[in-house]
Amino acid sequence: MSVADKKIGDVLLKVENISLSFGGVKALSDISFEIREHEVLAIIGPNGAGKSSMLNCINGFYHPQQGTITYRGEKRKQMKPHEAASHGIARTFQNIALFKGMSTLDNIMTGRLLKMKAGLIASAFYKGPAEREQIVHREFCERIIDFLEIQAIRKVPVGRLPYGLQKRVELARALAAEPTLLLLDEPMAGMNLEEKQDMCRFILDVNDEFGTTICLIEHDMGVVMDISDRVVVLDYGRKIGDGVPAEVKNNQAVIDAYLGVQH
Amino acid sequence: MLYRESGQYKTTYGADQAIFTIPQDRVFFALLMLVAFVGIPLVATNYVYTALLIPFLCLSLAALGLNILTGYCGQLSLGTGAFMGVGAVAAWNLATRVPDLNLVVIFILAGLVTAAVGMFFGLPSLRIKGFYLAVATLAAQFFLPWLFVKWGWLTNHAASGVITVPPLTLLGWSIDTPMEKYLFALGVVAILALGAKNMIRSNPGRQWMAIRDMDIAAEIIGIRPVVAKLTAFAVSSFYIGVAGALYLFVYLGSAEPDGFGINLSFQALFMIIIGGLGSILGSFLGAFFILLLPIFLTRVPPMLGFDLSTALVSHLEFMVFGALIVFFLIVEPHGLARLWQITKEKLRVWPFPY
């Protein structure tokens, strides 16, 4: 599949003039970019450039002091993380944030909680609606398990899994919510070549089959240039580049940020 | 050889999500229930009921309640004793002030009152975690027993401050012999334990465990921490309140309301630590261990021919008890429930090593 024959739609999320500071430290200053429907957007930049902070702003974990985020035509200054989740924004974390005491299946089912309705009393009785609901959603989760090829570990507590599989389970948990926008914070950090290839395949498949819009942060330039439709480059909290991979590769500011420049 | 899963296929997700997925487990549990409901009443003496089985049931229900909050939702609480007191006082007031109220209704209402009180004292959990939260629940532990004594209306201005339970009847069944009390308590505990298991294996349980394991990630996948934590406090307090009502109604019979002190809280906490945090079975095993051990320690030396003075026995009891707790925590920090799990895993391949 090439980038050309993929249908990229309208603007899904628009970030305008976001500034975020912690005390005197400016994490982000005056950042604007947009994410279009059905694209894979990569955010890159050297360490401390503000990439993770940017994701945290999008899914409501940080509240920027200035600027607005327009998501599906709705402009907002800030929202709570669980509100972002209920609007279809899911994410994974740079340091894996799974529920370590629970099995793979339970982690994925937890990712699906937003779609489930049974309350305390119905759950306590279990028989009837609560049980039917569990089974219906279990079927959906099993599809994700098949999709990501983690059938063998569905009953294993995630604390016991190796790193690469934990990353995959985290992706599965994010997918369980059927997100419109999926934010991936370094999905391939610390993986070997085969694991990276698998993860790239999964990301492209998710993008392709579910039509999920993906915004990812990644340090492996080979991966970024291969799988992303557009790249946004941050450095010291400012945006220094934005465009298709080929453009960004030849952008002088980006080259300077990565390779350094003589002062 | 007997306990193995090979050759047992599950063809529906419903079968895979059952409480006991293996027939051997189902048979074992059915036998256990048969012994509890039929076998024990055939053989047990009044001493066994009043000294062992009835307090075991009451305290294991309290431990189960605390386990929901601490083991599953990760919120440390030291207010168990006080919440048991709330349940007991509420149930007593309902029983004496509202004539002819069904015993089951009394217990449910007492649980609901405790749930409301528990949610109120759970509010600090929205801002603070861990040991700091434990100290905040300690406030409940000191405030509530004080309130029971100070607010005379709660004990109907009894001069001695002692509340005595009226005779118990349930739909014409008058519950007065120890055996009947045991069966009633067993019924209540069995139903509530099943309810707890059901909650744990579906939505509420997953919410609580998500908050326990990683609260930030839980919030980001759409769980509202306020709702999850407060429902954990409510459900936990409901269980503890019913346990307190049972403790007063079928075990103590009469009590001073300030008797629901911090010792009871610590006892419940030890039960879940030794039994296993985040395990329903663990609540029962822990309660059994904590209650049985002192009885065991006082009775065994005389049987072996050691004639020890009572003072020495009671001191010895504390020492052995302390040493055993430390030993357990070192050998198996995940409690007796984990030991049971390991045994089952070993049994799957027995007699082969793997």
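## Ground rules

A residue counts as buried if 20 or more other C-beta atoms lie within 10 Å of its own, exposed if 12 or fewer, and partly exposed in between, with C-beta atoms placed from the backbone. Helices (H or I, at least four residues) and strands (E, at least two) are DSSP runs, numbered from the N terminus.

This is a predicted model: local features need pLDDT of at least 70, side-chain atom pairs count only at pLDDT 80 or more, and totals for chains, interfaces and linings use all residues. Residues are numbered from 1 along each chain as its sequence is written, and chains are lettered from A and ligands numbered from 1 in the order in which they are written.

## Strand β9 of chain A

Look at β9(A), residues 230–235: five of its six residues are buried, so the strand is mostly covered by the definition above. Strands pair if DSSP finds at least two bridges between them. With β3(A) (residues 40–44), β9(A) runs parallel through four bridges; here Val231(A) is the bridge partner of Ala42(A).

β10(A) (residues 238–243) runs antiparallel to β9(A), with five bridges joining them. Asp235(A) sits opposite Arg238(A) of β10(A). Two residues lie between the strands of this hairpin, where Tyr236(A) takes a positive phi near 50°.

## Where the chains meet

Residues are in contact if their C-beta atoms, placed from the backbone, lie within 7 Å. Chain A puts 35 residues into the contact and chain B 26 residues. On chain B's side, α8(B) brings the largest share, seven residues.

Conventions:
Two residues are in contact if their C-beta atoms, placed from the backbone, lie within 7 Å.
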